[in-house]
Amino acid sequence: MTARLLGLTSVLALSAAAAPAEMNFNRIASFPVVKNMAASQDTTAETSPEIIVATPDGMRLVYSDSPLGAIGIVDISDPANPQPGGNVMLDGEPTSVAVVGNRAYVAVNTSDSYTAPSGHLAVIDLATKQEVTRCDIGGQPDSVATDAKGSFIAIVIENERDEDAGDGRVPQMPAGNLVMIDLADDTAQCDTMKVVDMTGLVEIAPEDPEPEYVDINGLGETVVTMQENNHIAVVARDGSILNHFSAGAVDLENIDTIDERGAILPVDSQMGRKREPDTVKWLDDDHFAIANEGDMDGGSRGWSIFHKDGTLVYESGPSFEHAIIQIGHYPDKRSDAKGVEPESLAKGTFGGVPMAFVGSERGSIMGVYDITDMANPVLTQLLPSGIGPESFAVIADRNLIASANEADLIEDGGARAHVMIYEYQEAPAAYPMLTSAGMEELTGWGAISGMVADKDGIVWAVNDSFYGFQPTIFKIDTTQTPARIVDAIRVTRKGYPAQKLDMEGITLDGEGGFWVASEGRTDRVVPHALYHINADGEITKEVGLPAELMAVEKRFGFEGVTKVGDTLWMAVQREWKDDPKNFVKLVAYNTKTGDWGAVRYEKAQPEKGWVGLSEITAHGDHVYVVERDNQHDYRAVTKKIYRIPLADMTPAPLGGDLPVVSKELVRDLLPDLTATGGYVLDKVEGLAIAADGTMWVSTDNDGVDDHSGETMFFAIKP
């Protein structure tokens with residue numbers, strides 16, 4: 001079966017799975033790992049869960065935290081309410097961890113340089129949180145694994161290359177290898193260490209293998225990926241090489257390979273793209289799966305299943321990426337690299353069904369596959385994760401799986417790193433909330449901003465300037481579950497994609513077309529403006545701001561637009577030069593007379609960062625606005641919907657005193673934003689209100705750039 005046919009099968013299966021099903025995985029909790037830091041520690045320091053495992057009783061999670069130099073522990077005795085178990089500080093940089101009994105076996109990198117690598121295996125008693133044994137392993141470690149019996153541990157010694165030396169390519173000595181150490185008496189027996197030489201096996205830099213990941217099957221056979229070398233080896237318990245072979249290459253079609261165009265255009269191809277696998281996991285004693293993240297010359301954007309004799313059993317091709325495109329998680333800025341970058345893998349059996357879990361590092365998604373037929377896996381769900389899922393811990397006897405999401409964006413003011421927990425439960429799938437599955441053409445989307453409701457359950461939405469070469473009005477059918485994008489109207493000028501737009505608000509013109517508000521940014525020559533757009537997406541009229549507004553303008557401009565009679569009302573996100581502190585303008589433009597005016601709105605005093613308006617929509621006798629801060633996760637305070645009486649919306653002339661409108665709290669959105677077990681997303685930017693009073697709320701996923709890609713799109717019934 002070709003990759004293209006496999007892609008169609010996967011997408012159709014996912015579409016069918018969106019309807020209520022007997023059993024599904026749903027996220028039930030998110031744990032910010034900064035909560036594991038002691039009161040005396042600097043909580044602004046980077047902390048990152050990378051490799052995560054569960055204790056044998058399934059009641060605790062243990063993860064390696066390389067930037068902090070620790071392993072972290074999470075108490076999941078109540079999985080919906082995870083609690084901090086604290087950190088165990090280590091003498092070096094932990095790269096991976098495994099647990100046998102009540103002991104954690106941690107690979108620790110202590111290298112002085114790339115050319116002088118060193119490391120050790122630290123054995124940590126999880127009860128006392130003390131190191132009980134240390135084995136020198138002779139180089140810089142990466143992945144570790146133990147066999148099911150807990151009789152030995154395998155450690156890959158990567159001795160990774162310096163990406164700034166020799167054009168970042170192998171060979172760069174010293175060479176890596178595989179280390180095996182016996183486990184007995186509840187600890188590692190350092191004097192049993194066996195070093196497996198892996199030089200001379202590979203075609204690419206045979207003198208310098210760089211083992212990346214390791215796993216052990218029920219027969220005690222160890223499978224090792226060599227990512228940079230694009231090679232796989234199977235090693236017997238005695239250290240002999242049972243088999244080795246190239247990971248091979250994939251012909252990819254219908255992919256996006258250019259990141260600079262600000263558009264999702266999956267129309268390119270890459271022939272002979274090396275897999276360069278990262279994670280490897282045994283599926284049974286004869287088959288293993290690899291996640292083809294890529295490195296120097298490859299990255300085939302999917303995952304594969306091999307028999308240990310080297311036979312390729314299954315290749316996903318671009319189908320995994322295509323499914324991710326449809327749910328708005330495609331990282332366009334990675335198009336010229338490795339796309340969604342599958343990196344993590346896990347295997348478990350739930351409800352009698354063998355499943356594989358595939359993580360997209362750049363798309364921040366976990367794919368769930370039914371692998372009953374390994375030659376034809378079926379994609380059944382896509383689950384949202386934190387940013388950069390690095391590994392998974394499967395606890396099948398508790399119907400749980402956990403993801404470790406390594407990206408900590410503290411320096412950029414973004415979300416902190418999280419561990420997320422999912423439960424296999426009798427319930428409909430909660431995610432995705434919005435998809436383009438079912439459209440004739442593979443349609444990507446993201447950065448949803450302004451919205452407006454139409455009749456028959458239709459909501460129209462715009463994307464913002466992240467997709468500068470693909471400005472689009474999306475038609476969303478909210479009568480389906482999940483809500484479905486059924487049309488994508490490209491916004492054009494004279495037939496070409498319109499440039500210099502930052503569409504942040506949309507409203508109906510009453511005649512089949514739209515008015516769109518563009519936020520504008522003068523330093524980037526993006527005008528603050530209103531645009532009239534016809535049903536085909538062509539801009540028919542452009543309205544610039546009057547001199548009175550331009551004299552006081554700032555970067556943070558229009559974040560929504562709504563129509564009341566002949567008047568367009570726009571919400572300005574933050575204070576402009578003439579606004580008192582914590583007051584912003586609601587600006588009026590009369591489409592018949594061309595007159596401008598405004599009122600003022602008093603917003604909340606921010607506890608951290610800033611608070612602003614991000615949407616405006618009229619319904620009945622009120623105008624509704626979204627007021628939000630720019631804070632993520634547990635730090636978020638203000639994500640609220642207020643309403644203003646239309647009677648207050650009497651614009652005064654610009655340049656003089658402006659009346660201040662009254663406001664009434666309609667809904668605090670924080671409970672809604674955490675209802676699916678995730679952390680609070682900062683950008684609530686879309687609000688549409690149907691004729692029956694149903695409110696549709698959406699979040700902007702920033703085009704999956706320093707963002708998990710998660711888009712929440714949900715209804716609040718009247």
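This is a predicted model: local features need pLDDT of at least 70, side-chain atom pairs count only at pLDDT 80 or more; totals for chains, interfaces and linings use all residues.
Biologist: Where is E575 found?

Modeller: E575 sits in the loop between β43 (567-572) and β44 (583-590); strands (E, at least two residues) and helices (H or I, at least four residues) are DSSP runs, numbered from the N terminus. Residues are numbered from 1 along each chain as its sequence is written, and side-chain values use heavy atoms, with hydrogens and water left out.

Biologist: What is the mean pLDDT of the chain, and over which residues is the pLDDT below 50?

Modeller: The chain has a mean pLDDT of 96, with 97% of its residues at 70 or more. Residues 1-21 have a pLDDT below 50, and beyond near neighbours in sequence this stretch has 35 contacts in the model, a contact meaning heavy atoms within 4.5 Å.

Biologist: How many salt bridges does the structure hold?

Modeller: Side chains of opposite charge can pair when their charged atoms come close. The structure holds 31 salt bridges, each being a side-chain nitrogen of Lys or Arg within 4 Å of a carboxyl oxygen of Asp or Glu. In one of them the side chains of R103 and D186 meet at 3.8 Å, N to O. R103 lies in strand β7 (residues 103-109) and D186 in the loop between β12 (177-184) and β13 (187-197), so this pair ties together parts that are 83 residues apart in sequence.

Biologist: Is R103 buried or exposed?

Modeller: R103 is buried, at a relative accessible area of 13%, while D186 is partly exposed at 40%; buried means under 20% relative accessible area, exposed over 50%, and partly exposed in between (1.4 Å probe, protein chains only).

Biologist: With which residue does R493 form a salt bridge?

Modeller: R493 forms a salt bridge with E542, the closest N and O atoms being 2.8 Å apart. Because R493 lies in strand β36 (residues 492-493) and E542 in strand β41 (residues 539-544), the pair ties together parts that are 49 residues apart in sequence. R493 is partly exposed, with a relative accessible area of 26%, and E542 is partly exposed as well, at 47%. Elsewhere, salt bridges that share partners join D578, D579, K585 and R600 into one network.

Biologist: What order do the strands of the open sheet with β41 have?

Modeller: Strands of a sheet pair through backbone hydrogen bonds, either parallel or antiparallel. Here the order of the four strands is β38-β39-β40-β41, with antiparallel pairing, where two strands pair if DSSP finds at least two bridges between them. β38 (503-508) and β41 stand at the edges with a single partner strand each, so one side of each is left without a neighbour in the sheet. Strand β40 (residues 529-533) pairs with β41 over five bridges, and L530 has V543 in β41 as its bridge partner.

Biologist: Which strands stand at the edges of the open sheet with β1?

Modeller: That open sheet also has four strands, in the order β1-β30-β29-β28 with antiparallel pairing. β1 (24-32) and β28 (389-395) stand at its edges, each with a single partner strand, so one side of each lacks a neighbour in the sheet. β28 and strand β29 (residues 400-405) pair in the antiparallel sense over six bridges, and P389 stands opposite N405 in β29.

Biologist: Why is helix α2 largely enclosed by the rest of the structure?

Modeller: Eight of the eight residues of α2 (residues 319-326) are buried, so the helix is largely enclosed by the rest of the structure; among them are F320, E321 and H322. After α2 comes G328, whose phi is positive, near 80°.

Notes:
pLDDT is the predictor's confidence in each residue, from 0 to 100.
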